[in-house]
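Please open the structure in your viewer and keep the sequence panel beside it. The tour below goes from stop to stop, saying at each one what to select and what is there.

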Amino acid sequence: MPEFAALASSITHEDISQAFLKGQGSAETPILRLLKESRSNGYDVTCLPLTTAKWRERWRDMCILPSAGGADSEKIAAAEQQAEIWRRAPGFALDEVTISRLDEAEGIVAMISDWLQLDSTDDWLRHDSEIALRQELAYASYLNVLTVILPPPRNRAHVASYARAVNECLKSTPYIQFSIRLPIYDPAVFQPKESPVRRSMDSFSSASSSSTSPRVPKLTIPTSQTKKAKPPKAPEGELNATWEMWDIIRTLCDYNTRLTLTLDLTPPLPSNLAVLSRWTAEPVQHIFLPASTFIANVKGYPVLPKGTQSFIRDSMTHRPTIILSGTSLGSHSKGGESAYSQYVRYLEKTSLSVQAARQAGTVENFAQGYQDFLQTPLQPLMDNLQSITYQTFEQDPVKYRNYEEAIFHALMDWPDSGRIVICVAGAGRGPLVARSLRAIDRSRRQAVVYAVEKNPNAYVTLQGRKDKEWGDSVELLFGDMRQINVPEQADILVSELLGSFGDNELSPECLDGAMRFLKVDGISIPSSYTAHLAPLSSSKLFNEARASKELKYMETPYVVMFQNVNILSGEGGGVGGRCGSQVQECWEFEHPRKDPIVDGRGLPLTNSHNARFSKMSFHIPHAGVLHGLAGYFEAVLYGDVGLSIHPLRKDQVSKDMLSWFPLFFPFRDPLYLPSNSELQVSIWRLTNQRQVWYEWYAESFLPVLNPPLPTEQLDNPLGSDSSFFACASTNVAVPSPLIDAVDAFPHSEKVESGRIDESPKSDAGIVKIGQTALHNPGGRSSWIGL
């Protein structure tokens, strides 16, 4: 059974030195021996530093000089000259690199020097660090290294400089995958922050700084790593700071698909695991897991804390490479080096997502290979489906089991007055016809089935099944359900015209025509269905949608099996408690319609009654980037039997149903949403005589607290215009975007609906901070043909 996660060992400079001492006189190089040993221990990949301490010493001697006070001016001049020569033609000496042969570089992940400071406060230090980075990348490319791990950014104030340097390297170094090492929070845990120091013989300045210039910052570069102290529980601000640094880097690098994350779990995970869900929407390629993160169980074997266990298990579905380091140091009394990798494999085995993916009949198993793959929705009225498409849908036992139950209960509830007529509108290759016959047998009622189908190719299959299986119990009718006439009206009308958003495959329009078949007191299965939305973040889906560079692909809803996504919304909250639930209902369609206006044939005069609009308000508790909207549906077939892909209710309604993946409405440009913000989403279902299409738009807001109002204004705290927006001229106290939004307005009561309350009674308001473009106006990019 294939593994979900790859395991990587981490080789240090000390390991290389020991391998060199042990192997003197051997024809095999120390690196090749270490790689062989790593593979024999069951590791799939090996990580090792690309350069040695010799390179760091030479770079420091050239680029970091003693400050002018008391320093040898000739020595400084010589170093400056050496630095200029190096800047003009960067290159390594043999003893400055750890690998020098192609076979040594095969299957490795190279660690770029972690002392480089691309976000230093010193201009020349940043400049020379970038040159050194380019030099190391050029050497890695020379040896055909496919993946490198870059040192973490350390300085929030200059992370843009770090991002700019990485972006330039991505452009100049094709093919190599760049992975940025980031801790789960607080980048300062990697190394001490730079700090200005006084002039002395022990302090340093950049080599390109004039010895007579007192304005150039003097920075201390430590010669050895300081011991890391485990920080206390991280507040929301620290957690956001790390993710926001990543967001700046990937944004300035234009979401380059060769840029990924190495998530460092050295710091202890915070107790608020909900904050960590934002990383599921990011391209996490590696997880760095040092032995120091493990704790000893009662028997002395290494295990992970509960929070880290959960995070690793949840991450397995993304198939990361887990880098284990320090496993040979004997940090734990039992188990030895292999205990760490065995424990990770145990976490993989017990991961619920992995178990589901390996179990036949589950959605996760069925969707293997389809995760985060964009599919254009079907056009069932314009196009005739292929037999393989029908076959795929027919593999769903849950959907057809529920349909059979709904038909059975409808038959049992129907008055016992003789023969019952069932009409299957859109019979396809006949699965609903077969289920209708099974329900009839179970109910022991007398009934006949009419099967209507417009696809001439599928109609051939129906004829074959009638001859071999169904006989006279089924009557076939060929034609479009909106135009064909049936011999007699039906008591029960059955259809499976639903799409991922409920109505996106034109079920309302099709059933408008089919309702002519139904008696006044007849039953429609389904009887109703609702569309639901939630804001989501996913750099993977954003990149997939914009890959073609054409506008229409960013204004097209896609069917997607979500994997690398994060739902940004929280449950209720916001100013005055006016935000709705995490996933909110947009609209509903009901069949048969109670108030249709029809012509003489029983068909609607226009399609205007199927137009819809919804405006929803979502609470965003933790900072994130909006990339699109997740669309779901829920349907009532009959009574308490239904179908659902609603993420919070699907397991209770139709667990492991395979037929529908959610719908993804992309946004052309990412919209940053700070913690404690509010997102208002508007979506339209529009129509003309030929097409149906969706348009969507979003605005972001931050809450503000208005000061106490004068007594004379208490009767109408919002003023004469009853606006919930804060007055621009009013002094306001703005809650920090970094605080947990759940606590921003702790005394507010939630409201059930996410619709905007036009008359809030709270003295809190909101100010607008951003918006998207209106997507797909007039159906210019995507539509469903009638």
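Which residues does T772 touch, not counting residues up to four places away in sequence? Select T772 and display its surroundings: T772 touches F667, L671, Y697 and A698, where contact means heavy atoms within 4.5 Å. T772 is found in the loop between β28 (764–771) and β29 (784–785), and at 9% relative accessibility T772 counts as buried (buried means under 20% relative accessible area, exposed over 50%, and partly exposed in between, with a 1.4 Å probe and protein chains only).

Before going on, please note that this is a predicted model, in which local features need pLDDT of at least 70 and side-chain atom pairs count only at pLDDT 80 or more, while totals for chains, interfaces and linings use all residues. Residues are numbered from 1 along each chain as its sequence is written, and side-chain values use heavy atoms, with hydrogens and water left out.

**The whole chain**

Zoom out and colour by secondary structure: the protein has 19 helices and 29 strands, taken as DSSP runs (H or I of at least four residues for helices, E of at least two for strands) and numbered from the N terminus. Of its 786 residues, 55% count as buried. Among contacts between residues at least 6 apart in sequence, 83% join residues at least 24 apart.

**Helices α3 and α4**

Next select residues 53–63, which are helix α3, together with residues 73–88, which are helix α4; these two helices pack at an angle of about 115 degrees with their axes 7 Å apart. The axes are lines fitted to C-alpha atoms, for helices over the stretch in contact, and the angles run from 0 to 180 degrees between N-to-C directions. On the α3 side the contact is made by W55, R58, W59, D61, M62 and C63, and on the α4 side by A79, Q82, A83 and W86. By class, this contact has seven nonpolar, one polar and two charged residues (Ala, Val, Leu, Ile, Met, Phe, Trp, Tyr, Cys and Pro count as nonpolar, Asp, Glu, Lys and Arg as charged, and the others, Gly among them, as polar).

Stay with α3 and highlight its buried residues, which are W55, R56, W59, M62 and C63. These residues lie on the same side of α3, because they cover an arc of only 135 degrees around the axis, the arc being that of the directions from the helix axis to the C-beta atoms.

**Aromatic rings**

Now show the side chains of W55, W59, W86, F92, W115, Y139 and Y142, which form one aromatic cluster. The structure holds 22 aromatic pairs, where rings of Phe, Tyr and Trp (its six-membered ring) pair if their centres lie within 6.5 Å, and planes under 30 degrees apart count as stacked, over 60 as edge-to-face and the rest as tilted. The rings of Y139 and Y142 have centres 6.1 Å apart and planes at 35 degrees, so this pair is tilted. Both residues lie in helix α6 (residues 123–142), three residues apart, about one turn of the helix. Y139 counts as buried at 16% relative accessibility, whereas Y142, at 61%, counts as exposed.

Centre the view on Y139, which, leaving aside its neighbours within four places in sequence, is in contact with L50, F92, V97, I99 and S100. Of these, L50 is 89 residues from Y139 in sequence and 8.9 Å away in space, C-alpha to C-alpha.

**Charges over rings**

Select R442 with F408: the charged end of R442 sits over the ring of F408, 4.2 Å from its centre. A charge sits over a ring if NZ of Lys or CZ of Arg is within 6 Å of the ring centre and within 35 degrees of the ring normal. Then move to R612, whose charged end sits over the ring of F589, 3.9 Å from its centre.

**Backbone details**

Turn now to the backbone, and select I525 and P526, whose peptide bond is cis with omega near 10 degrees; P526 is found in the loop between β17 (518–525) and β18 (528–537). A cis peptide bond also joins H591 and P592, with omega about -5 degrees.

Finally, return to the loop between β28 and β29 and select N776. N776 has a positive phi of about 60 degrees although it is not a glycine, and at 0% relative accessibility N776 counts as buried.
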